[in-house]
Amino acid sequence: MSGRRRLFPRLLVPAVLLLAAIVAVVLIAPNVGKLGKIDLLQGLGIVRTAETRSATALLGEVRELYKLDTVEMVYKTVFPYDYMDPALDLRTIIAATRFTNGSVAELLTSRQELYLRAYNLSHELGMQTGPDRYDFVVVTTVVRAGIDLKAPGIAHPEAASNQEISRWLQVETSSDRQRHVTVTLPDATITDLQTEDPSKAGYIYPDIRIPPAGWKRISEFVADHVRQDAEASDLLSRARSRAGTLVESFLKSAGFDSVTVVE
Amino acid sequence: MAGSAAGRFSQLFRSSGSPDGTQPSGRVALSLGAILILLAVSCSAPRVDRTQLEAGIRDLLQLRTYEQIYRAVGYISQERSVLIFKTVDRQLLYAVNIRVQAGIDLAEGFTVEPDPGDPDTVTVSLPLARILAADADESSIRQYFSHEHGGAVSLLDYGDQLAALKEQTIQDAVARGILTQARENAKKIVEYYLRSAGIREVKFTAAGGSAG
């Protein structure tokens, strides 16, 4: 009897611990990876490790959001008037080139040169630019913009150094266990640019007699300048601010107490 | 009855200890076990419940998930003739920026249903995307030329033309797929969110019930 009594306490300690450990693992395992993991890790006092790991994972998730194109610009260019600054005068430009020695690039400002090139092309294609008749062509270009995913650290968050990650994203936990994240937005860039051919159904402006070769020349002329025009518009800043709003909303929904987005 | 059960439990506890009934290692083991189980139970309760998930999705879908900025070009042409004489010949060409935004209209409601057989799978029903805003930025207007014979283009004519241009722009945005793009973005955003909450698989249906 006394032998049994000695054996039972000796087995009880490891048996209870083993049983408790099994129960704990069974109950905890399904929840690892869910939003509650940070709280658990904080409870176990390994917050710093968890934060480093979660910053990498978080940047990966933020990158997925950056991949979304959320803004595009349908840019209609009016040829040739978009290139003929009304503040300039054709006669002055021609006089500058006719009575002075030197190349056009040396004699004219970039705006004057653009004016002259647009005027010459429209003239060669038989278009009139006033005052009795104003011929024009509307060229449609679709420009998409998004966050530059090639930035160091953003391109491959999983392989990024701590320094690269903290450049874009910093997770902090305050003494009262409030979780704060600061996100620095990478630059926005033009991700796609396509000039469309006009169709009878979609072209709502007066038709004009221009041969296909003439249309090609106009289309190429516009394509050479539209990227610059789109960059000068608010497309890029809009793409960046929309990405910032999306990331902020996402991180707040994911449980962060405060989110700061640095543009 | 309860008292006798408690008595049996204390008897068992005492019987597992030393003759004086106070075996420290047994108590420590039981205490540790109880702490571990309590900790596990407190962590096992799902921290992300359905209400929380729905609130998170609702916040995310407040965003207008796709936007098109149009540099639209308007053209006014008015002609009137008496016999062979033109009495009115007006032409006006201008450009204006119009912003069209689309997203999910939350007023139509959405649901998040966990799969009864698989707690890591949820089905989200999202309404179709709609145009939520279309605004013309009148400060961006650029007039290219105006040819006005027989009177200038009136303010009301111009206002009507601008309203028509806005309507044309919305139709063009829809034809270019703004609604599809807005819905696809909404689905991706919701999916990222649910995955970050530990949901393994996310299925979507349109609010009417068809796959979406």
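Visitor: How many aromatic pairs does the structure hold over all chains?

Guide: This is a predicted model. Over all chains, it holds 10 aromatic pairs.

Visitor: What makes Tyr81(A) and Phe145(B) an aromatic pair that is edge-to-face?

Guide: Two values decide. Their ring centres are 5.6 Å apart, and a pair needs centres within 6.5 Å. The planes stand at 70°, and over 60 degrees counts as edge-to-face.

Visitor: Why is it said that the pair joins two chains?

Guide: Tyr81(A) lies in the loop between β1 (71-79) and α4 (90-98) of chain A, while Phe145(B) lies in strand β5 (residues 129-149) of chain B, so the pair joins two chains.

Visitor: Are Tyr81(A) and Phe145(B) buried or exposed?

Guide: Both Tyr81(A) and Phe145(B) are buried. That label calls for under 20% relative accessible area.

Visitor: Which residues do ring pairs link into a cluster with Tyr81(A) and Phe145(B)?

Guide: Tyr134(A), Phe136(A), Tyr203(A), Tyr205(A) and Tyr75(B) are linked with them.

Visitor: How do you know that the charged end of Arg179(A) sits over the ring of Phe256(A)?

Guide: It is 4.2 Å from the ring centre. The limit is 6 Å, with a further test on the angle to the ring normal. The charged end of Arg179(A) is counted as sitting over the ring.

Visitor: What volume does the largest cavity have?

Guide: Its volume is about 70 Å³. The count takes cavities of 30 Å³ or more, and it comes to 1.

Visitor: Which element gives the most to the lining of the largest cavity?

Guide: α9(A) does, with 5 residues. The lining has 13 residues, divided into 10 nonpolar, 2 polar and 1 charged.

Key: Residues are numbered from 1 along each chain as its sequence is written. Chains are lettered from A and ligands numbered from 1 in the order in which they are written. This is a predicted model: local features need pLDDT of at least 70, side-chain atom pairs count only at pLDDT 80 or more; totals for chains, interfaces and linings use all residues. Side-chain values use heavy atoms; hydrogens and water are left out. On a 1 Å grid over the protein atoms alone, a cavity is a set of points where a 1.4 Å probe fits but cannot get out, and a pocket is an open set with protein on both sides within 12 Å along at least five of seven lines; lining residues have an atom within 4 Å of a point. Grid points are joined across faces, edges and corners, and a volume is the space filled by probe spheres set on the points. Helices (H or I, at least four residues) and strands (E, at least two) are DSSP runs, numbered from the N terminus. Ala, Val, Leu, Ile, Met, Phe, Trp, Tyr, Cys and Pro count as nonpolar, Asp, Glu, Lys and Arg as charged, and the others, Gly among them, as polar. Rings of Phe, Tyr and Trp (its six-membered ring) pair if their centres lie within 6.5 Å; planes under 30 degrees apart count as stacked, over 60 as edge-to-face and the rest as tilted. Buried means under 20% relative accessible area, exposed over 50%, partly exposed in between (1.4 Å probe, protein chains only). A charge sits over a ring if NZ of Lys or CZ of Arg is within 6 Å of the ring centre and within 35 degrees of the ring normal.
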